[in-house]
Amino acid sequence: MTPDQWKRLRSIAGELLLAPEEERRERVGALCNGDEELEAQVMELLDEPEGSFLEPPPFDLGAVHAWDLVPGASLGEFEIIEEIGRGGMGVVYRAQQVLLDREVALKVMAVRNAQPSQQTRRFALEAVTAARLDHPNIVRVVSAGEADGYRYLAMELVIGSDLHSLLEDARGDQRSAHGGLPSHSDPGRTRAIAELVREIANALHFAHGHGIVHRDIKPQNVLVDKSGKGYVADFGLAKDLGIAGISATGQMMGTPYYMSPEQALLLDSPVDHRSDVFSLGSTLYEALTLEKPFEGSSVQGVLQAITHVEPRSPRLSNPRIHPDLELICLKALEKEPCDRFPDAAAMAAELGRFLAHEPLAIKPVPRLVRAGRRIWRHRLVASLALGLLGALALSPILVGRVRAAGLEQRVELAEQQLSSSDDGEWVAARQAA
């Protein structure tokens, strides 16, 4: 499957994702313009348990293109050293920038001589956006251009790994060969994670201050060097709040596991900086527990969990987590944007207080308030349940009234019979009543 085919397939699946199941079969035909093979692929994708819709497949670029950027090959002023990553839009190489005698991470777009498309615009957006953000915890763009038909982006080379790979290592209870974080069994791990996320929160606040919302914060886009320092990477889905976006109305942007509820619901209201706070909260949760805060047997199940299900207490999965750190994590994961941290700087400040052993400024949400929020989110179901409970509560009264009415009718009938009967008939009538 080529990147363009995957893009079309995912776009159609995303549009159908939150539609009622009984309507999907009717709508998919119109969206696929009668292409039965495409229809089958879309429906199969929607039914996959935690499947490829959540993460783009690693395209077999060798099968799609004559991919000749092997070690030692040249691309413009860069000499390829080795491949270090591969994703939906292209390949990332470790390369030598010959003229400046420095190593860089060279991101090369998969499609050679690519025609203008949403994918090429996103590639350009990442270059323009990241180049505007000069922060010690944001991967810097040092050069961008085109050579030999390939679009490329040269970035600061972070010697280490991404957080996703480090979490996979931790699931095997081993320290990564790239360093960066203590093993999952190390008592100092949770504090190291808190410091890492604090750095990322400060970097996001800096981006937000420049009108940029990342929209795709997840472990794969958090780089960690050997000392444990964190970097925000990949602004390909970023939203510049000062200009019109590149995405169509109603298009799902981001990775479902880490989406905010407002992203998952495709609301008409704009997604702002608090969406990144939620995604960072999801990342923090997974780093602490090695579990995702919202799971599901399908994409739709994941999105429904994000919008309607409260995350499980992190300390149930990892008792080493300090209650204050759990509170910070759950505050970032509030369903309503107004209930989260007001900005990423506030989240970073609370993480700083935790690391300094100072009292937090935030307080736990009372159970009654949290229960009220759950009822509000499920208000339709709650109203039906209350109606049913009310009907059940009133049923003995209603039954009693019906019985009383029946008795009155029978007594009235007996009295009518009395007025026209002798004493024996009267006794029989009262007994009948």
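## Secondary structure and overall composition

Helices (H or I, at least four residues) and strands (E, at least two) are DSSP runs, numbered from the N terminus. By this definition the protein chain contains 16 helices and eleven strands. The structure is a predicted model, in which local features need pLDDT of at least 70 and side-chain atom pairs count only at pLDDT 80 or more, while totals for chains, interfaces and linings use all residues. Residues are numbered from 1 along each chain as its sequence is written, and side-chain values use heavy atoms, with hydrogens and water left out.

Of the 433 residues in the protein chain, 44% are buried (buried means under 20% relative accessible area, exposed over 50%, and partly exposed in between, with a 1.4 Å probe and protein chains only). The accessible surface comes to about 21,500 Å², and carbon and sulfur atoms account for 54% of this surface (Shrake-Rupley method with a 1.4 Å probe; for residues, only the protein chains shown count as cover). Among contacts (heavy atoms within 4.5 Å) between residues at least 6 apart in sequence, 63% join residues at least 24 apart.

## Nonpolar cores

A nonpolar core is a set of buried Ala, Val, Leu, Ile, Met, Phe, Trp, Tyr and Cys residues joined through side-chain atoms within 4.5 Å. The largest one has 71 residues, and Val232, Phe235, Leu280, Ile306, Ile328 and Met347 have the most contacts inside it. Helix 7 (residues 189-209) gives the most to this core, with nine residues. Apart from it lies another core, of 15 residues, which includes Ala73, Phe78, Val91 and Tyr152.

In helix 10 (residues 299-308), seven of the ten residues are buried, Leu303 and Ile306 among them. In helix 12 (residues 323-332), the buried residues include Glu326, Ile328 and Cys329; the buried residues of this helix pack against helix 7, helix 9, helix 11 (314-317) and helix 13 (344-355).

Six strands form an open sheet in the order 1-2-3-4-6-5, with antiparallel pairing (two strands pair if DSSP finds at least two bridges between them). Strand 1 (74-75) and strand 5 (141-147) stand at the edges with a single partner strand each, so one side of each has no neighbour in the sheet. Strand 5 is joined to strand 6 (residues 150-156) by six bridges, and Gly145 stands opposite Tyr152 in strand 6.

## Charged residues

The structure holds 14 salt bridges, a salt bridge being a side-chain nitrogen of Lys or Arg within 4 Å of a carboxyl oxygen of Asp or Glu. Glu262 and Arg340 form one of them, with their closest N and O atoms 2.8 Å apart. This pair links helix 8 (residues 261-264), which holds Glu262, to the loop between helix 12 and helix 13, which holds Arg340, 78 residues apart. Glu262 is buried at 8% relative accessibility, and Arg340 is buried at 2%.

Lys292 meets Glu286 in a salt bridge (3.7 Å, N to O). Salt bridges that share partners join Glu168, Arg171, Glu286 and Lys292 into one network. Asp276, in helix 9 (residues 273-289), is buried yet has no salt bridge; Arg215, the nearest side chain of opposite charge, is 7.4 Å away (Lys and Arg count as positive, Asp and Glu as negative; His and the chain ends are not counted). Leaving aside neighbours within four places in sequence, Asp276 has contacts that include His208, His214 and Arg215.
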